[in-house]
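I opened this notebook to record what I looked up in a single structure. The entries follow the order in which I consulted it.

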Amino acid sequence: MDILPKLRALHPPRLPSRRTRLIRRWLAVGLLVLGGLSLVHPGSARGAPTVLAAHDLPSGATLSAADVRLADLSDEARPMGVLSTLDAVDGRLLAGAVRAGEPLTDVRLATVPAPGDPGTATVPVRLADMAVAALLRPGQRVDVVAAPEPAAPASVLAAGATVVTVGHQEPATLKGPLVLLRLPEAAATRVAAISLERPVTVTLR
């Protein structure tokens, strides 16, 4: 005779205790609250769009779509002044070198006069001291100085020129990189003419 059915009848399955039911209810309520918070504050839950460098970028680089990418970063990982749209960086100059994956902030972009500014011109010059060019950053203000010669003392050719960009060192020559300076048209003409005859350098402001 099979007695298992009778034993099961004498010992029915235990129902969950009152404490277990309360714990389950509180867990359900907690999950509902977390779901509501993620809907109300999507940026905190999923991160916010952040512009990152797609690869290593040198100082003075003109940014294009291939140089940057968008990623969602949490509020804790986003620095102050971080850029959130690709349009904010398209065509802008970098004020300093950037590593791949680094968030781009407003201070990373150079502030230079627009190409269409009336009464200004951009002139390329090679500085007498190549090491000075390495100290320059786009947006920096400098004074252009002509080096002294036997028949001509050192003189300031232009004050308050704006560095637009600094080129790369040419490995095949001993010449320094080209530095683009924006300054008033009359001063630009003077700097361009004298830089062909005499070495020039800049003083930093």
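Which element of the protein chain has the lowest mean pLDDT, and which has the highest? I found the lowest mean, 50, in helix H3 (residues 42-46), and the highest, 92, in E4. Here pLDDT is the predictor's confidence in each residue, from 0 to 100.

**Entry 1. Basis of the model**

I note that this is a predicted model, in which local features need pLDDT of at least 70 and side-chain atom pairs count only at pLDDT 80 or more, whereas totals for chains, interfaces and linings use all residues. Residues are numbered from 1 along each chain as its sequence is written, and side-chain values use heavy atoms, with hydrogens and water left out. The protein chain averages a pLDDT of 77, and 71% of the residues score at least 70. Where pLDDT is low, the predicted coordinates should not be read in detail.

**Entry 2. Elements and totals**

I counted five helices and seven strands in the protein chain. These are DSSP runs numbered from the N terminus, with helices (H or I) of at least four residues and strands (E) of at least two. Along the sequence the pattern reads α-α-α-β-β-β-α-β-β-β-α-β.

I then looked up burial, where buried means under 20% relative accessible area, exposed over 50%, and partly exposed in between (1.4 Å probe, protein chains only). Of the 205 residues in the protein chain, 31% are buried. The chain exposes about 13200 Å², of which carbon and sulfur atoms supply 63%; accessible areas come from the Shrake-Rupley method with a 1.4 Å probe, and for residues only the protein chains shown count as cover.

For contacts (heavy atoms within 4.5 Å), I took those with a separation of 6 or more in the protein chain: residues 24 or more positions apart account for 64% of them.

**Entry 3. The largest nonpolar core**

Which residues touch the most other members of the largest nonpolar core? Among its 23 residues, they are Val179, Leu181 and Leu183. A nonpolar core is a set of buried Ala, Val, Leu, Ile, Met, Phe, Trp, Tyr and Cys residues joined through side-chain atoms within 4.5 Å. Two or more residues each come from strand E3 (120-126), helix H4 (130-133), strand E4 (141-146), strand E5 (155-166), strand E6 (178-184), helix H5 (185-194) and strand E7 (200-204). E5 gives the most, with five residues.

I listed the contacts of Leu181, leaving aside residues up to four places away in sequence; among them are Ala121, Val123, Val142, Val144, Ala161 and Val163. Apart from this core lies another, of 12 residues, including Leu57, Val89, Leu94 and Leu109.

**Entry 4. Strand pairing**

I followed the pairs next; two strands pair if DSSP finds at least two bridges between them. E3 and E6 run antiparallel and are joined by seven bridges, with Val123 opposite Leu181 in E6. E5 and E6, also antiparallel, share four bridges, and Thr165 has Leu180 in E6 as its bridge partner.

E4 is joined to E5 by five bridges in antiparallel fashion, where Arg141 stands opposite Thr162 in E5. Five bridges also join E4 to E7, again antiparallel, and Val145 stands opposite Thr201 in E7. Why is E4 largely enclosed by the rest of the structure? Five of its six residues are buried, and E4 is therefore largely enclosed.

**Entry 5. Helix H5**

In H5, I found Ala187, Ala188, Val191 and Ile194 buried. They cover an arc of only 145° around the axis, so they lie on the same side of H5; the arc is that of the directions from the helix axis to the C-beta atoms. The buried residues of H5 pack against E3, E4, E5 and E6. The face turned away from the buried side carries the exposed residues Ala186 and Thr189.

**Entry 6. Two buried valines**

Val132 lies in helix H4 and is buried, with a relative accessible area of 15%. Not counting residues up to four places away in sequence, Val132 touches Leu127, Thr201 and Val202. Val132 and Thr201 are 69 residues apart along the chain, and their C-alpha atoms are separated by 7.8 Å.

Val68 lies in strand E2 (residues 68-73) and is buried at a relative accessible area of 8%.
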